[in-house]
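Trainee: Could we go through this model together? I would like to start with the rings and then turn to the sheet.

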Amino acid sequence: MENTAHNPDQQMFGLRQIATNGKKRIGLLIGAGAPVSINVGTKGEWEPLIPNIAGLEKMVIKKLSIADEKVYASIKASINNPNLEKILSRVRMLAEVVGADKIFEYTSKDFIALSKCICDVIRDVVGKDLPMPANPFSEVVSWINGINRKYGVEIYTTNYDLLFESALERAKTPYFDGFSGSKSAFFDPSSISKNDLPSRWVRLWKLHGSIGWESNDAGEIVRVPNSTNANMVYPSHIKYDQTQAAPFSSLFERLKDFLNEPDAFLMSSGFSYADAHISSKVLECLLANPSAALFAFQFGTLAEEKNVIDLALKCPGISVFCSDGAIINGIQAKWKIGTPPTKNWHEIRAEYYKDDKFLLGDFKKFARFLATAGSDISQDSIVETEVGTAV
């Protein structure tokens with residue numbers, strides 16, 4: 001199989017037809033790499049609008065006191081494959097169980113203060129406004145709105161920010177995030193499970209919680225506008241009671257239900273697949289439903305995207321598109337340009353492939369590709385196409 005190669009033209013020709021098919025069930029899985037693609041630097045250096053989890057952790061550590069930083073490092077050293085979310089979960093667990101005793105020389109009160117400090121920094125960093133005017137989040141919304149759809153587009157995101165909310169509201173696009181109400185919006189799991197909103201409503205599912213989510217005095221999860229409370233809600237790696245787990249269990253059940261739908265099509269961008277609880281759920285569903293498919297657009301090379309590569313090698317329904325090659329139908333190979341599928345295709349090719357590098361692992365490029373697909377392909381010309389393997 002040494003001579004095997006994947007033709008990006010063939011794959012992207014098929015993707016444009018799927019992306020503009022108003023009868024397709026389409027979902028997006030968006031990770032921390034999405035806001036990283038927006039550069040707000042003013043001195044020629046790249047400064048992401050919101051950093052990824054690793055960058056966010058660095059900003060948290062800078063704000064900690066010397067004592068807090070020492071305890072944070074000790075907790076981090078005690079966790080396998082640590083990240084900011086896991087460390088915060090451990091801090092909160094210790095705040096609950098330590099009581100009057102001490103661990104790492106900290107009492108329960110100290111761990112509560114450390115948790116608040118971490119959440120304060122996270123809220124400030126991820127609370128950035130969406131830039132005006134053009135930006136990739138708005139271009140995704142433009143693509144959604146530009147097609148008459150039978151099914152509402154579902155956006156699943158692990159990000160805490162409000163960038164998609166801002167983009168949808170600027171475009172006056174109705175959306176539902178699982179909450180109903182205004183002053184203190186309550187979570188409504190029955191509406192999620194029924195999923196019977198009009199198709200023009202976007203479904204926005206915040207899998208890891210969001211700024212603005214709080215636990216009220218009754219222990220219920222609510223969404224509060226313009227919240228300054230640092231008590232953000234996160235999925236925990238420790239045991240939550242039923243009320244605390246309810247938002248996340250309902251949202252993950254919705255992801256499962258979507259992937260179990262006939263002919264469901266999920267595209268991911270900016271997502272590393274390092275979150276085992278999400279990756280395992282996606283793999284489980286796609287193995288059980290051969291008619292569903294996932295296209296994962298990754299920023300790195302095949303060698304660098306081990307998490308999702310491992311998934312794709314287990315399931316032919318998962319296609320992975322990296323900068324230097326892809327895994328399609330379980331076959332891993334480098335890119336090789338072939339015969340253009342249409343006469344003027346070289347103009348479209350520039351949007352996703354340049355200098356022997358596939359570009360759609362960048363959320364900014366991915367969003368532009370979707371937006372232009374929706375704007376220049378007539379619905380009357382769409383012919384349903386199976387995306388095959390290029391050899």
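Trainee: Which charged end sits over the ring of F299?

Mentor: The charged end of K357 does, 5.8 Å from the ring centre, where sitting over a ring requires NZ of Lys or CZ of Arg within 6 Å of the centre and within 35 degrees of the ring normal. This is a predicted model, in which local features need pLDDT of at least 70, side-chain atom pairs count only at pLDDT 80 or more, and totals for chains, interfaces and linings use all residues. Residues are numbered from 1 along each chain as its sequence is written, and side-chain values use heavy atoms, with hydrogens and water left out.

Trainee: And what lies over the face of Y151?

Mentor: R25 lies there, at 3.9 Å from the ring centre.

Trainee: How many aromatic pairs are there?

Mentor: A search of the whole structure finds 23, counting rings of Phe, Tyr and Trp (its six-membered ring) with centres within 6.5 Å, and calling planes under 30 degrees apart stacked, over 60 edge-to-face and the rest tilted. One of them is F179 with F187, edge-to-face at 5.2 Å centre to centre and 70° between the planes.

Trainee: Are F179 and F187 buried or exposed?

Mentor: Both F179 and F187 are buried, meaning under 20% relative accessible area, with exposed over 50% and partly exposed in between (1.4 Å probe, protein chains only).

Trainee: Changing topic, what is the strand order in the open sheet?

Mentor: The 10 strands run β1-β14-β13-β12-β11-β10-β2-β3-β7-β4 with mixed pairing; strands (E, at least two residues) and helices (H or I, at least four) are DSSP runs numbered from the N terminus, and two strands pair if DSSP finds at least two bridges between them.
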